[in-house]
Amino acid sequence: MSGLFYLGLVTHEEKRAWILGIGAIASYAVYLVVVLGRAGGRPLADVPYVAPLLWTIGASIVAGIVASILAAVISRDGETDQRDREIGRFGDHVGNSFVVAGAVAALLLALVRAPHFWIANAVYLAFTLSAILGSVARIVAYRRGFQPW
């Protein structure tokens with residue numbers, strides 16, 4: 001079986017990467033379901049999106065904190081070494097590329113005077129993709145090996 005999906009001996013930092021990635025996917029999926037469900041045939045820019053956006057972001061943050069604490073309590077392997085820090089930095093750098101892309105997209109949308117709906121959703125999607133990509137980069141680094149430059 002592939003080492004990518006083996007969850008036997010997993011460090012605390014790798015568990016946090018899994019939690020962040022899964023939480024980002026789940027919260028964005030809930031947001032999409034709620035917003036698309038509210039559309040009811042009208043243009044998406046007219047759908048009330050602010051409350052679902054804030055609630056899904058807040059719930060994702062709280063769920064991530066609670067899940068990380070539970071994972072730390074259950075596993076009791078909370079020590080972080082130099083390799084964990086380097087993998088964490090690597091994941092942050094990889095994920096931040098989507099934050100930059102989202103900022104550019106939001107800026108372009110603002111320049112063409114797009115509705116706030118599209119600007120907010122571009123930023124939210126960028127943050128979500130950043131969390132997912134950063135988590136995937138960390139998990140792959142843990143599973144396939146990591147060679148710092």
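In this predicted model, the buried residues of helix α1 are His-12, Glu-13, Glu-14, Ala-17, Gly-21, Ala-24, Ser-27, Tyr-28, Tyr-31, Val-35 and Ala-39. The elements that cover these buried residues of α1 include α2, α3 (82-111) and α4 (116-144).

**Helix α1 itself**

- With 28 residues, α1 reaches 40 Å from its first C-alpha to its last, which is close to the 40 Å expected at 1.5 Å a residue.
- Just after α1, Gly-40 takes a positive phi of about 55 degrees.

**Packing of α1 against α2**

- The axes of α1 (residues 12-39) and α2 (residues 50-75) come within 9 Å and cross at roughly 155 degrees; because this angle is over 145 degrees, α1 is roughly antiparallel to α2.
- The crossing of α1 and α2 is right-handed.
- On the α1 side, the contact involves His-12, Lys-15, Arg-16, Ile-19, Gly-23, Ser-27, Val-30, Tyr-31, Val-34, Val-35 and Arg-38, which meet Pro-52, Leu-53, Thr-56, Ser-60, Gly-64, Ala-67, Ser-68, Ala-71, Ala-72 and Ser-75 in α2.
- Sorted by class, the contact of α1 with α2 has ten nonpolar, eight polar and three charged residues.

**The chain as a whole**

- Of the 149 residues in the protein chain, 30% are buried.
- Among contacts in the protein chain between residues at least 6 apart in sequence, 81% join residues at least 24 apart.

How values were computed: Residues are numbered from 1 along each chain as its sequence is written. This is a predicted model: local features need pLDDT of at least 70, side-chain atom pairs count only at pLDDT 80 or more; totals for chains, interfaces and linings use all residues. Side-chain values use heavy atoms; hydrogens and water are left out. Axes are lines fitted to C-alpha atoms, for helices over the stretch in contact, and angles run from 0 to 180 degrees between N-to-C directions. Helices (H or I, at least four residues) and strands (E, at least two) are DSSP runs, numbered from the N terminus. Angles under 35 degrees count as roughly parallel, over 145 as roughly antiparallel, 65 to 115 as roughly perpendicular and the rest as oblique. A crossing is left-handed if the near helix is turned anticlockwise from the far one by less than a right angle, and right-handed if clockwise. Contact means heavy atoms within 4.5 Å. Ala, Val, Leu, Ile, Met, Phe, Trp, Tyr, Cys and Pro count as nonpolar, Asp, Glu, Lys and Arg as charged, and the others, Gly among them, as polar. The expected span of a helix is 1.5 Å times one less than its number of residues. Buried means under 20% relative accessible area, exposed over 50%, partly exposed in between (1.4 Å probe, protein chains only).
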